[in-house]
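Please load the model in your viewer and keep the selection panel at hand.

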Amino acid sequence: MSLTASSAPSEVSSEHVPVPRIIPRAEHGISRKNISNGALRVLYRLHESGYKAFLVGGAVRDLLLGGHPKDFDVATDATPEQTRTLFRNSRLIGRRFRLAHVVFGREIVEVATFRGIGEVGDSDRHVVDGRIVRDNVYGSIEEDAIRRDFTINALYYDIADFSVRDYVGGIEDLRQRRMHLIGDPAQRYREDPVRMLRAARLAAKLDFSLSAETEAPIAELAPLLADAAPARLFDESLKLFLAGHGLESLRRLHHLGLLGQLFPATAAALAGPHSARFGRLLGYTFTSTDERIRNDMPVAPAFLFAAMLWEPVRTMAEALEAGGTEAGVAWTVAVDKVLHQQASRVAIPKRFTIAMEEIWSLQSRFEQRQKKRVMRLLAHPRFRAAFDFLVLRSHEEPELKEQVAWWTHAQQLDAEHLAKQLAPAGVARAEGEPARKRKRSRRRKRSGGSAANETNVESGFE
Ligand code: ATP
Ligand code: MG
């Protein structure tokens, strides 16, 4: 960001209309080269049609920080219906916030009309217990700015003259790498408790700090997240954990006391008797997931959630067993209970919980070496994820290393060779003679670790 301090600082006029600090084109680093074609087309068309048109939100923030935004949001004084008539390739969406989506192939540009302050009780602004549940009051750009969450998210790039407008001190906060909630933080969190999660997520993503006033109310208000829709919390969880900065998000959530609102069993296990072991498992898991995302490799949400709930399931199953429940039953009951409890907080879709159950249940099948079972396990659609999870567990449970070595070797053989080496069904195979074991270990090393999750897992979670 190349900014000079020549422009006037933002201030509030006597009518409480904020006066923007305007950073002219020559004094900031935003180049149209870094703005998507779709966003530019939307901005130009709105502008040519006589409307105001600004790039806003995360895109402006990330451009000023020198990043490459993945999506672009536009703010305008055109209503959604007016935007809809300007773009044939658009549709209106949303009930809580009505918006226009303009579609260019795979790119979607979100166009929002400036939000107004509106009065509580207004039919277009619906507030329940301090929470905004519907908000379609339109207003001025000044009003729009102060309705946004953090100052760094309330910067506007004006397509009319390529300047940046700052109504709330966002430029200074960007420079200081800190996040400030606009307005009275406690009231803003009450209006929308998910802003607490956004604070944790964006601070993690940008490596910013939270200002003291922004951080302080979170400890007390965290329980308000219990009222947020579990489906919205699932979307927010994906953004927290599967956007390339999952480990840092997890750390921030934990330290702000928010993890327990999303994943109560995970937070409890991190405070329980196996906290160190579990913290390291999460450290390995999140580090490898972040690394895969950086390398454009696919990641499975189920894998991450399976790791987060692994210790709770195991602890509960062990407790049930200790109370006399048969091992298999104890396991099934523990899985059901943990998933059921989790569903009331974050609505993990069924297809993911099914995958999580499979990843967990396959863990005990790695002990089995009978030919038929080995072949069946290798062919299982969830083998890869389950094996990767075994690898992560083996860092904390050295007794699993032999299994990792054995299955790494098994995957390298073609079916015919593998079948020859295995005992027929029903005959349990012994641990394997030492010479063979050594050979397997060497092979595993040479392979560079077939499990993608095996690399660079040095960092723990705490
Ligand atoms: P990301 O990099 O994750 O996309 P973002 O800041 O762009 O971050 P979005 O969810 O895309 O996040 O939201 C776009 C903009 O909408 C934000 O920058 C902010 O100005 C505004 N916004 C989003 N969520 C809220 C909220 N809960 N309360 C107030 N303003 C919000
Ligand atoms: Mg965004």
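Two strands are taken to pair if DSSP finds at least two bridges between them. With that in mind, and remembering that this is a predicted model, begin by selecting residues 53-56 and residues 73-76, which are strand 4 and strand 5 and which pair in the antiparallel sense over four bridges. Within this pairing, pick out Phe54, whose bridge partner in strand 5 is Ala75.

Next, move to ligand 1 and display its surroundings, a shell of 18 residues in which the closest are Arg61, Asp192, Arg195, Arg201 and Lys205. Which classes of residue make up the shell around ligand 1? There are 14 charged residues, three polar ones and one nonpolar one.

For individual contacts, select Arg148, which places a polar side-chain atom 3.0 Å from an oxygen atom of ligand 1, and then Arg198, where an N or O atom of the side chain is 3.0 Å from a ligand oxygen atom. Taken alone, ligand 1 exposes 580 Å², of which the protein buries 82%.

Finally, colour helix 2 (58-64), helix 7 (194-206) and helix 10 (230-241), the elements that each give two or more residues to this shell; helix 7 gives the most, with five residues.

Note on methods: Residues numbered from 1 in each chain as written. Chains lettered and ligands numbered in written order. Predicted model: local features only at pLDDT ≥ 70, side-chain atom pairs only at ≥ 80, totals over all residues. Heavy atoms only, no water. Near = heavy atom within 4 Å. Polar contact = N/O pair within 3.5 Å; in protein donor to acceptor, adjacent residues only side chain to side chain. Areas by Shrake-Rupley, 256 points an atom, 1.4 Å probe, with all protein chains shown as cover. Nonpolar A, V, L, I, M, F, W, Y, C, P; charged D, E, K, R; others polar.
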